[in-house]
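Dear colleague,

Please find below the structure that I am handing over to you.

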Amino acid sequence: HAAQPEPGVGFVFNMFSLPLGLLLALKGTAALSLSEADVERFLDSALNVTRGHGGECAVGIGCGLVAGWVVRKLQGAVLTAAVLGGIGTGVALYQGWVSPEDVQLNAQATVRLLQEQAATHARRLDLDGDGSVTFDDTKIMASKVSPFVRRHPGLTGGFAGGLIGGYRLL
């Protein structure tokens, strides 16, 4: 005879799987290419579980909390890696395991890689094609996002509040 799950465990899993599912759908650079239809499909399934605008706000808060928490943890991991890398480089220089020229070459290569990545992402943000990210680009971005915000104010407001809460409190 099969073991019965605890009462309420499935509901808790479902409530937490919605924001985690959105987070997994938005991972990496695919977040910028996610279609509005994909978001609408996710929102429809979330509304079936939560039943209404209050639920839409709850889903937004949940997704925002998870996203804020992830951003804060990634920021902490990057900072920790930078500090430990600096300490490790200092020890390696002191012990004579690497030369200052090796460190300088690796640092220059790392800076070049970061500049290339930043330039690639900046090109994706240049929506008017003038070669730089300007205020006109932000107006274009806002015009693309505003219809979704008007249709789902609870979700977007909840997400913004949850993002701040997840980043600051968790």
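**Salt bridges and a surface patch**

D38 and R41 form a salt bridge, in which the closest N and O atoms are 2.3 Å apart. Please note that the model is a predicted one. Both D38 and R41 belong to helix α2 (residues 36-50), where they are three residues apart, about one turn of the helix. R41 is exposed because its relative accessible area is 53%, whereas D38, at 30%, counts as partly exposed.

In total, the structure holds three salt bridges. Another of them joins R151 to E40, with 3.0 Å between the closest N and O atoms. R151 lies in helix α5 (residues 135-151) and E40 in helix α2, so this pair ties together parts that are 111 residues apart in sequence. The relative accessibility of R151 is 40%, and R151 therefore counts as partly exposed.

A further salt bridge links D136 with K139, whose closest N and O atoms are 3.6 Å apart. These two residues, D136 and K139, both lie in helix α5, three residues apart, or about one turn of the helix. D136 is partly exposed at 39% relative accessible area, and K139 is likewise partly exposed at 44% relative accessibility.

The surface also carries a nonpolar patch formed by L79, V83, L84, I87, V91 and W97, which together have about 650 Å² of accessible area. W97 counts as exposed because its relative accessibility is 64%, and exposed means over 50%.

Yours sincerely

Note on methods
Residues numbered from 1 in each chain as written. Predicted model: local features only at pLDDT ≥ 70, side-chain atom pairs only at ≥ 80, totals over all residues. Heavy atoms only, no water. Patch = residues over 30% accessible without salt bridge, like charges linked within 9 Å, V, L, I, M, F, W, Y side chains within 5 Å. Areas by Shrake-Rupley, 256 points an atom, 1.4 Å probe, with all protein chains shown as cover. Salt bridge = Lys/Arg side-chain N within 4 Å of Asp/Glu carboxyl O. Buried < 20%, exposed > 50% of the residue type's maximum accessible area, 1.4 Å probe, protein only. Helix = DSSP H or I, 4+ residues; strand = E, 2+ residues; numbered from the N terminus.
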